[in-house]
Amino acid sequence: MNRAEKQASIESVNATLKKAAIALVVHNNGLTVAQMTDLRGKMREVGAEFKISKNRLAKIAAKDTTYENISDLLKGPAAIATSADPVSVAKGLVDFAKTNEKLVIIGGAFGGQKLDIKDIEKLAKLPSLNELRAKIVGMLQTPATRIACVLQAPGSQVARVIAAKAKKGE
């Protein structure tokens, strides 16, 4: 790898870290090409990026970001998973690690706070951002439908009374 390729790699990882809300470090020692392809596909499905870079270059790239504290985790065959949605990337990695023991989650950082494996597992148990949005929309729509029913009730009751009076008067 020449100097220009190294610089391009550093800039790519740096740009990825700067736009991410969370960065998780995993060891991927022993994963086959098919397993790595499957993992990358799952990361894309949840809107995450999965980058494998030389550890030394990744440490340099992390220097000017809020993820400088993950530099000590970059040892051995490490890869970095980043995403704007912290819950979805944690769920994706934890689910994949359950089915494949060769993927080991080491740790990561959320904003400036360092995360260990227990923190990441807790994040994975939370509802995703889309699930939370759906719950909020449901909660907002429920009072509106109740208000509409309450407002319609007096009008329909008045109409029923008038209809009953009209039938009696005929």
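**Entry 1: the whole chain**

I began with burial: 35% of the 170 residues in the protein are buried (under 20% relative accessible area with a 1.4 Å probe and protein chains only; exposed is over 50%, partly exposed in between). I am working from a predicted model, where local features need pLDDT of at least 70, side-chain atom pairs count only at pLDDT 80 or more, and totals for chains, interfaces and linings use all residues. Residues are numbered from 1 along each chain as its sequence is written, and side-chain values use heavy atoms, with hydrogens and water left out.

Next I looked up the overall dimensions. The C-alpha trace spans about 100 × 35 × 25 Å along its principal axes. I found a radius of gyration of 26 Å, whereas a compact globule of 170 residues would have one near 15 Å (taken over C-alpha atoms; the globule rule is 2.2 Å times the number of residues to the power 0.38).

For the surface, I noted about 10600 Å² of accessible area, 58% of which belongs to carbon and sulfur atoms (Shrake-Rupley method, 1.4 Å probe).

**Entry 2: the order of elements**

I listed six helices and five strands (DSSP runs numbered from the N terminus: H or I of at least four residues for helices, E of at least two for strands). Along the sequence they follow the pattern α-β-α-β-α-β-α-β-β-α-α.

I then checked contacts, meaning heavy atoms within 4.5 Å. Among those between residues at least 6 apart in sequence, 81% join residues at least 24 apart.

**Entry 3: strand β3**

How many residues of strand β3 are buried? I looked through residues 78-83 and found that six of its six are. In a regular strand the side chains alternate between the two faces of the sheet. In β3 both faces are covered, with A78, I80 and T82 buried on one side and A79, A81 and S83 buried on the other.

**Entry 4: a closer look at T82**

I picked T82, which lies in β3. Why does T82 count as buried? Its relative accessibility is 4%, so T82 counts as buried. Leaving aside neighbours within four places in sequence, I found T82 in contact with T16, L17, A20, I22, A23, A48 and E49.
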